[in-house]
There are 4 protein chains.
Amino acid sequence: MSCVADVPATRSAAGASAAQVFAEGSPRVIIAGATGFAGALAAHLLWRHPRFELVAVTGRSEVGRRLDDLYPRYRVPLQLSELELDSDGQLDAAVVAYPHAAAAPAVGELRDRGARVVDLSADFRLSSLQTYEQWYGKHPRPDLLADAVYGLTELHRDQIAGAGIVANPGCYPTASLLGLAPLARAGLIADVVIDAKQGISGAGRAFDETTHQSMAGETILPYKVAEHRHTPEIEEQLAPLRAQGGATDEVAVLFQAHLVPLDQGELADCYVTTTRRVDDAELAELFLAAYEHEPFVEVVGSPPGTREVQGTNFCRVFAKADPHSGKVVVLSAIDNLWKGTSSQAVQNLNVMFGLPETEGLT
Amino acid sequence: MSCVADVPATRSAAGASAAQVFAEGSPRVIIAGATGFAGALAAHLLWRHPRFELVAVTGRSEVGRRLDDLYPRYRVPLQLSELELDSDGQLDAAVVAYPHAAAAPAVGELRDRGARVVDLSADFRLSSLQTYEQWYGKHPRPDLLADAVYGLTELHRDQIAGAGIVANPGCYPTASLLGLAPLARAGLIADVVIDAKQGISGAGRAFDETTHQSMAGETILPYKVAEHRHTPEIEEQLAPLRAQGGATDEVAVLFQAHLVPLDQGELADCYVTTTRRVDDAELAELFLAAYEHEPFVEVVGSPPGTREVQGTNFCRVFAKADPHSGKVVVLSAIDNLWKGTSSQAVQNLNVMFGLPETEGLT
Amino acid sequence: MSCVADVPATRSAAGASAAQVFAEGSPRVIIAGATGFAGALAAHLLWRHPRFELVAVTGRSEVGRRLDDLYPRYRVPLQLSELELDSDGQLDAAVVAYPHAAAAPAVGELRDRGARVVDLSADFRLSSLQTYEQWYGKHPRPDLLADAVYGLTELHRDQIAGAGIVANPGCYPTASLLGLAPLARAGLIADVVIDAKQGISGAGRAFDETTHQSMAGETILPYKVAEHRHTPEIEEQLAPLRAQGGATDEVAVLFQAHLVPLDQGELADCYVTTTRRVDDAELAELFLAAYEHEPFVEVVGSPPGTREVQGTNFCRVFAKADPHSGKVVVLSAIDNLWKGTSSQAVQNLNVMFGLPETEGLT
Amino acid sequence: MSCVADVPATRSAAGASAAQVFAEGSPRVIIAGATGFAGALAAHLLWRHPRFELVAVTGRSEVGRRLDDLYPRYRVPLQLSELELDSDGQLDAAVVAYPHAAAAPAVGELRDRGARVVDLSADFRLSSLQTYEQWYGKHPRPDLLADAVYGLTELHRDQIAGAGIVANPGCYPTASLLGLAPLARAGLIADVVIDAKQGISGAGRAFDETTHQSMAGETILPYKVAEHRHTPEIEEQLAPLRAQGGATDEVAVLFQAHLVPLDQGELADCYVTTTRRVDDAELAELFLAAYEHEPFVEVVGSPPGTREVQGTNFCRVFAKADPHSGKVVVLSAIDNLWKGTSSQAVQNLNVMFGLPETEGLT
C-alpha cells in the first residue's frame, strides 16, 4: 500500500459514517478471496444486494477467470483480480475470506485504506491474544485486536454498528451460541456437551479425501476429537453471557464435529446440564423472550431438519427438557455457508451501514 | 399351528442340540418377515451362508413375489410365502423380522414348533416387563420373557449359545454398548450422553417424508428428542456392567438420534463423565483388553468413519480423553443394517449352533 | 360452482385485461393443488413475487395444515384450504397443479369464474384430442382444448400473452424443445434420439420404491422404455418448427427417461441426425441467433452441468457437431421443478399479465 | 530389471501353464498401482480369493502406508511397496493399474519376469497402433501389442485363456459391447448412439471439481462431447461382431458420457437403428441365446437400475423394440469398478489360470 494518505482525514475510526457513504451513492464493497466457497457466496449475495455495490472480487489462484465461470450458479459476472489497494477509487467496505494468519495483514491494509471490514477468518474472533496463539500460532497483527467486534449479530448488534473490524463467527459457534445464549443468560448452564454435524461444504474448496464424493459420500465422519478450534471461541463468548446470568465459575465445553454427506446444512445438538431443574414451559418462555423480535432466529416446536434453513440466513432453535436425565437438549440448525458464514457477513454489513438488517437477505 | 406334537420330544429347551442338527445336515432356517430391509438382508446372508440352509422366506404383503425381484441386489431366488408352521419339514431356526408386538406371538409359535429363534424386534430385548409396557404397550407373550437372552454377542456369548430365544439388540444399543462396555466394567461411568446418527435405511422400508430422497436428502434430521425407545434398552444393559465395576447407583442415559443422508452406516458418539480422571493410555489399555480377541470389534487409533464398516459385521471403536473438559469421548461405528441388525443375527445363529462365530460373515 | 353469473360480462375471453387488473391492484392468484412439489414451489415463487398477490393455496389431502409446515423451506405462511370457487372475492389467475384428468374440470370451473389459468398437467398440452386419448385416456373437457396455448414461453410468447388457458409444458419437453428448436427451424432435423435424466423430485411427492432414499440413492434408473408420454408432446411441438424449416415429412422421436440420485436438475441429450452436414461454427450462429435476446436461455461454450441452473428459471444449451458420426449433439440443462415446471408457470403469468418476463424470477 | 535370466526357460509364451503353477501352490499375484480405486479393489478381490495368493501391492505415492489404512473398507493388510521386479520369488501374475503410457513399460517388464498380466489401462485395448496413437499419443511398447488379447471375457474367453497380456476393457465399452454384441452378430446394427452414465468413482481418485461432493453432488455432468476415447475401442470391437453378422460396412458410433452423483454404478443406453424391423420376441430370443450360459450376464425383463448390480461382477441387459421410431433400445447396467474394471480383471485371471470363471466373485 503506497498511499495511506488517500484516506480522508474526516473519517471516523470505523471509516466513513453510513450517512456520509450513502450521500455519495451505494457503499462500494470488495471481496478479498472470492475463490473459496465463503467468498464466492458473499460475492453472490452482495452482487444481488439492492444497497451495496460490489466493485471487485479478488483471488490469488484464479486471477483473470470470471467468477461465474468458477461458480456458474452464483452468476456474478466479475473477473477475479489481484488485491490492489492503492487505486484511487473509493472503498467503503470489504469482506475478507482468507485463511487465518493470512487474513489479519490484509484486514490491516484495508483498514488503512479506509474500508470497514468483515473478516471471515479466525484472526479476530478471540479477544484473548493468549488463547489465539495457543490454538492458531503467532498472531500477525495483535495491534488490531482491540478494534474488532465479534460478529454474531444477534449478540453484539450495537457494537457491530460502529465497528471497524467485525470478526465473523465460525459456523459452529454461530449455531451453538444461538442455541445456548438464552440458557446462559438465565444462569442455567452448569455443563455443556455440543455434538455438531455439517455438510461437506464445511470442508471448503479443499480437494482431498474428506471431500471426494466416493469417500465423503455414504459415511459419517467425526473429526478433531477433543481438539476443535471452535471450542475456545464458544467458551469465550459463553462466559459473559453466563456472567449476566450470575455465574461466577467457568464452563469447559466439550465440542465434537462431524461431516455428513450433504452440501450445505449444520446442526448443533447442545446437551446442557442445568443448574436447576427446568421444564418445557420455562424453556419456551426463555427462548421466545430471547428471539421473538429477531428477524433471523426462529424458535420452533419440533426438531428442525437443516433442510428447513438451507440457502437462508435463518437459524431454527428447538429446546426440550429431558425429565429422565434432568438435562436440557437444544437443537440449533443453520446453513453453514449462509448464517454460518457469508449471509451473516452481509447481515453484519447491513448493521454496519445502517441498513435494515434483512436487506438483501430475504 | 395345528400340530405341536410334531416337535420331537427329545429336543432340549433350546431345541435340538447343534451336534444333533448337523448330524442330520445343515440346520434349516426360515426368515419370517423378509420384505423389510432387516429380513431381506438376513435372507441374503443366510442364503450364501455355507452352513445354514435357508428354506423359506415369508412376508405378509408380497406373497408370491420372488425376493430377488423385490431386492435384486440380494439375489435370493426364493418366493415369498405366508408363514405356515404346520408343515412336516424339519425347522431348526428362524429369524423373526416383525414389528414389535407382532413378533412375540410368532416367536412363540416357532418355539412350539421346535425352532430356535433370533427375534429382531424389541419384544424380548427388555427383561423388565414393566419397562417394556411403559415404552411399547402391552406385551403379547410375557410368559416367554424368561427364555430370552439379549443378543449383543460380545456381551452374552455364553448364554446365547444355549438360548431358545435371542433378542437381537437395537442398532443404536449395539453401537452404544460396545462403546461403553469397557468403561462401565471399569466403574468409570458417572454420567453419559449419547448422540447417534444413522443412514436412511434405519427408517426401514417406510415410504414417507423421512425417506423420500427429495426430503431426506440434503438434511440432518434429529428425531424423538428425549423419548427414544432405545434409552431404556441401553440403560438395562449398562446396569450390570456398571455393577461389575462396582457402581451402586443408576445412570440416566440421555440418548439422541438423527437421520443423515446416506443409506447404511451408524455412529454413536458417547460423551462420558467419568468417576475419576483417565488418560488416553489407560483408555487404550482398557479397550484393547476388552476387544483384542473379539473377531468383530476393532479398536482404532483415529476417528472411524462409518464407511469403513459399511457392509460388514465390524464395529470400530475409538476412545479419547478430553483433558480440557475432563470427559471421555467414545466413538462407535457400525453398519446399522449389518452389525446393527441382520449380520449380528447371523453371528448369534452361529453361536447358537456351535459354528465358528465368523462363519458366513467375512 | 354455484354462481358463474359473478363473472363480469365485460371481461375478454382471456379474462380481465392486464391493464384493468393492475388498475384494481395486484392480480390475485391462487394455487390449486399446492401440496405437491410443483404447486408448493409455485406458491413460494408467487408469495415472494412483487406484482402478484397469492390469496389462497388449496390441497385435498392436507386441508388446514400450513404450507410452511409442509414445506418449511418455502416459507409460505398460508393455510391449505379446499378449492372454493363461489366466494365473492376477485380471482384473476390460478395455477392448477392437479394430476391429468383431474385438472381439466378444475380449469373449466376457474375459467368460468373469470380466472386465467396456467395448468401444470398434461390435459391441455396436446392440441390433438386423438393423441391425448391414445396416451392418457378419455379427456374430461375437450371443449376447452381450443382455448389453450402451449406454454413454452420462448416458443409461444405472443399467444400466451392473450391466452385464457396456458398448458405448462412437461419438464422433459421444455428441455428437449429448447435444445432442438433452432435446428428444427433451420430444417436440419432428419432424426432424433433424446436421452433425458432428472433428479428424484421429478417423481413428485410419491412415496414409493422410486423415491425412498435407500432405493433411489446409489442407482441410475431408466423407466418407461419406448412408452413415455412426453414423446407425443415433443413431436407435436417439433412438427411446426420443422415445417418452418421446410420439412414436409414427420419425425418419430425416440425419447428415454431416467431418474438419478439428486433432488432437482434435468439434462436432455439430443442426438440429431441432420439433413446435411453442419459444423460448430454454423451451430454457434444458429443457437446464438435463436437465443441471444432470450432472458432465460443461455447458449454456453462447454457442456452444462445441471447444478449451474439449479434453483433458477434458466436453461443452458450447448450444441456440438460430431464430425466422426456426422450427427449433432445438443445438451439442454434445466431445473426440472423450476424452468421445467413452476418458475416457467410464473414466467407465463408474467407474460399473461403484461409484466416484465423476468419479474420475480431473478 | 537386472535379471531376466531368472525367468525359467521352460515357461510358455503365456508364462507357466496353469497346471504347473497350481502344482507349486496358489499362483502368486501382485497389484502394480494399488493406490487408485481400480487397483485397490483388485487387491481386495484377490486378497479374499480362495485360489490366488496376493503377494504385493505397489504404489508410487503411498509407499509404506498400509492399504487398509488408505482403503479401510477393503481390509487388505498389506503395506504398499515400490515395484521391485528383480526379487527371487516366483511371480505368476500381475494386475497393472497404471495410467496409459505408464502401463505398457511396466507390463513389458512383468512379462520379462514371467508374469501373465491383466492391464487395466488403455495401452493394449486397441489392436490398431494407428488408432491408439491418434487418441492417446505415442505408444511406449508397440512391440507388445501382438501378444495382447482384449479382455471382455464373454467375447474372447478362449484367447484370454492362453494370453500373456490381457487388456482389460474400459468400463463404458464393457457395458456397451455386452449390450450390443447380440445385435451386432445378428447383422442388425445399421447405426448406434450410446448414452452412458456412471457414478463419481468413474473419475477415479482424482481430487478436483468433478469429484468434490459440493460440486459433484446435485448435478448431472456431461463430458467429452464427441471426443471420448472409448469410442474407437467400442468400434474396433464391434467391427468383427458385425462382420460375423454379414455386415460389410463400418458404423461410426456416437458415444456420450456423463457423471451422476452416486459412487459405483454405470448404465449404457444403446439406441440402435436396425437393418430391418425387429420385435420384442426376436430380441428376447437373440439375447437369451447369447447369454443364457453366461454366469455374469443376466437378460432381464424390466429396465435395470444400476443398484441391482452394485458390488458385483454382473451385467444386466434389457432390450426393447420401439415400434414408433423403429429403433431398438438396449440398456446395459454394470458396476463400473467391478465388472467395468477390477472384478472383470479377476474374471480374466480365473480364465487365464484355468479356474472356474466365478471363483472368488460370488
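1. Helix α7 (residues 171-185) of chain D packs against helix α11 (residues 338-352) of chain D at an angle of about 100°, with 8 Å between the axes (lines fitted to C-alpha atoms, for helices over the stretch in contact, with angles from 0 to 180 degrees between N-to-C directions). The two helices α7(D) and α11(D) are therefore roughly perpendicular (65 to 115 degrees).

2. The model is predicted, with local features needing pLDDT of at least 70 and side-chain atom pairs pLDDT 80 or more, while totals for chains, interfaces and linings use all residues, and side-chain values use heavy atoms, without hydrogens and water. Residues are numbered from 1 along each chain as written, and chains are lettered from A and ligands numbered from 1 in the order written.

3. On the α7(D) side, D:C171, D:T174 and D:L178 are in contact with D:K339, D:G340, D:T341 and D:Q344 of α11(D) (heavy atoms within 4.5 Å). By class, this contact of α7(D) with α11(D) holds two nonpolar, four polar and one charged residues (Gly counts as polar, Cys and Leu as nonpolar, Lys as charged).

4. Chain D also has an open, mixed sheet of seven strands, ordered β9-β10-β8-β11-β14-β13-β12 (strands are DSSP E runs of at least two residues, helices H or I runs of at least four; pairing needs at least two bridges). Because β9 (221-223) and β12 (297-299) of chain D each have a single partner strand, one side of each lacks a neighbour in the sheet. Neighbouring strands of this sheet are turned by 20° against each other on average, direction ignored.

Methods: Angles under 35 degrees count as roughly parallel, over 145 as roughly antiparallel, 65 to 115 as roughly perpendicular and the rest as oblique.
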